[in-house]
Amino acid sequence: MNKMNEFYPEISPFNDFLLDVDGQHQIYIEQCGNPQGQPVLFIHGGPGGGCSINDRRFFDPEQYHIILFDQRGCGRSLPHGCLDNNETSFLVADIEKIRQHLQIKQWHVFGGSWGSTLSLVYAQTHPISVSSLVLRGIFLGRDVDTNWTFSGGGATRIFPDYWQDYVDVLPQGSAQANTKAAYEMLVGEDKVLAQKVASAWSLWETRCCTLIPDQAFVDAKSDDKATWTLARHEAHYMVNDCFLTDNQILANCDKIKDIPTAIVHGRYDIVCPADNAWLLHQKLPNSTLVLSEASGHASVEPNTKHHLIAATQAMLSL
């Protein structure tokens, strides 16, 4: 039995490959743990974040068949940075293609931040394919949620110094401190400016992720390749309302009301405030909610990690 405040040991994939999903996008997929174990899909955040080696470590590798993938255009998926045909419905279809390709009848689904959004939309689209959900750092994808972080909303009042560092990179300063203006620069012809904005966007978000400042966490997410996809993908989705209808996730919760769901959310999450988790929990009668004390948004914070690993251990008995 793993101590619940510690990751399981590092493991390597027993298989990895690229899956062509539409003639343009190839999705990177890796499989870890026990091929005969209970299948669980890890859905990363962002959009545009990609998977890391620690993402495999929330699950007992002797008990779980662990499947991870990088969403369209990010991580190791190809073409890198591509925003064409990159919408929520396409990502949901990709997930179902992965399940079918691996000949899995039903799987657990684990997602955090944007990964929680995508997990919920996937489960609402294919409820029969999902045996349980573990969700962290809920993001419901409403205007109030995107504006909170990137268009001068509440987060900027809590970390005004970090926000000013971001604004200072923008050519017109506060006049461009909104998602639409950032997106235009991120996809514009001036690639030098686009990378500067991408790096500043990613730094702003990453600094807000942990309750206690964690420079090592920030540094690990600061290389140009990672910040390029994180910022561009996030802005692309946000200016398009995450390719969701108004309040879509909460409005469709009846479709997943019978799926066992564990929700873990940092009480002091500044990136995705805790009301996201609270509202979701009220809509799902078969859900549990843990507000992780002394935690912000990041999955690696000790208290949040503890609750997530406890949830994956509990999933084994479902």
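Student: Which residues is His44 in contact with, leaving aside its neighbours within four places in sequence?

Tutor: In this predicted model, His44 is in contact with Gly49, Gly50, Cys51, Phe69, Asp70, Gln71, Cys74, Gly112, Trp114 and Gly115. These count as contacts because heavy atoms lie within 4.5 Å. His44 itself is found in the loop between β3 and β4.

Student: Does His44 count as buried or exposed, and how do you know?

Tutor: The cut-off for buried is under 20% relative accessible area. His44 has 2% relative accessibility, so His44 counts as buried.

Student: How about another histidine: where does His297 lie, and what does His297 touch?

Tutor: His297 lies in the loop between β8 and α12. Not counting residues up to four places away in sequence, His297 touches Ser113, Arg136, Gly137, Cys209, Asp269, Val271 and Cys272.

Student: Why is His297 called buried?

Tutor: Its relative accessible area is 4%, and buried means under 20%. His297 is therefore buried.

Student: You mentioned cysteines there. How many disulfides does the structure hold?

Tutor: The structure holds zero disulfides. Take Cys32: the nearest cysteine sulfur belongs to Cys51 and is 9.5 Å away. A disulfide needs a pair of sulfur atoms within 2.5 Å, so Cys32 is in no disulfide. Cys32 is also buried, as its relative accessible area is 0%.

Student: What keeps Cys272 from being counted in a disulfide?

Tutor: The same test applies. For Cys272 the nearest cysteine sulfur is that of Cys209, 8.4 Å away. With a relative accessible area of 4%, Cys272 is buried.

Student: What stands out about the phi of Cys242?

Tutor: Phi of Cys242 is near 60 degrees, a positive value in a residue other than glycine. Cys242 is found in the loop between α9 and α10. Its relative accessibility is 1%, so Cys242 counts as buried.

Student: And how do you know whether Ala294 counts as buried or exposed?

Tutor: Exposed means over 50%, and Ala294 has 54% relative accessibility, so Ala294 counts as exposed. Ala294 has a positive phi too, about 55 degrees, although it is not a glycine. Its place is in the loop between β8 and α12.

Student: How do you know that the span of helix α1 agrees with its 14 residues?

Tutor: At 1.5 Å a residue, α1 (residues 88-101) should span 20 Å, and its end C-alpha atoms are 20 Å apart, so the values agree. Thr88, Leu91, Val92, Asp94, Ile95, Glu96, Ile98 and Arg99 are the buried residues of α1. Gln103 follows α1 and has a positive phi, near 55 degrees.

Student: Now the helix pairs. Why are α7 and α9 described by that relative direction?

Tutor: Helix α7 (residues 191-207) and helix α9 (residues 224-239) pack at about 85 degrees, with axes 8 Å apart. Angles of 65 to 115 degrees count as roughly perpendicular, so α7 and α9 are roughly perpendicular to each other. Among the residues that meet are Ala194, Ala198 and Trp201 in α7 and Trp228, Leu230 and Met238 in α9. The residues of this contact divide into eight nonpolar, four polar and four charged.

Student: What makes the direction of α5 relative to α7 what it is?

Tutor: The axes of helix α5 (residues 160-167) and α7 come within 9 Å and cross at roughly 170 degrees. Angles over 145 degrees count as roughly antiparallel, which makes α5 roughly antiparallel to α7. Tyr162, Trp163, Asp165 and Tyr166 of α5 make the contact with Val197, Ala200, Trp201, Trp204 and Arg207 of α7. Those residues divide into seven nonpolar, no polar and two charged.

Key: Residues are numbered from 1 along each chain as its sequence is written. This is a predicted model: local features need pLDDT of at least 70, side-chain atom pairs count only at pLDDT 80 or more; totals for chains, interfaces and linings use all residues. Side-chain values use heavy atoms; hydrogens and water are left out. Axes are lines fitted to C-alpha atoms, for helices over the stretch in contact, and angles run from 0 to 180 degrees between N-to-C directions. Helices (H or I, at least four residues) and strands (E, at least two) are DSSP runs, numbered from the N terminus. Angles under 35 degrees count as roughly parallel, over 145 as roughly antiparallel, 65 to 115 as roughly perpendicular and the rest as oblique. Ala, Val, Leu, Ile, Met, Phe, Trp, Tyr, Cys and Pro count as nonpolar, Asp, Glu, Lys and Arg as charged, and the others, Gly among them, as polar. Buried means under 20% relative accessible area, exposed over 50%, partly exposed in between (1.4 Å probe, protein chains only). The expected span of a helix is 1.5 Å times one less than its number of residues.
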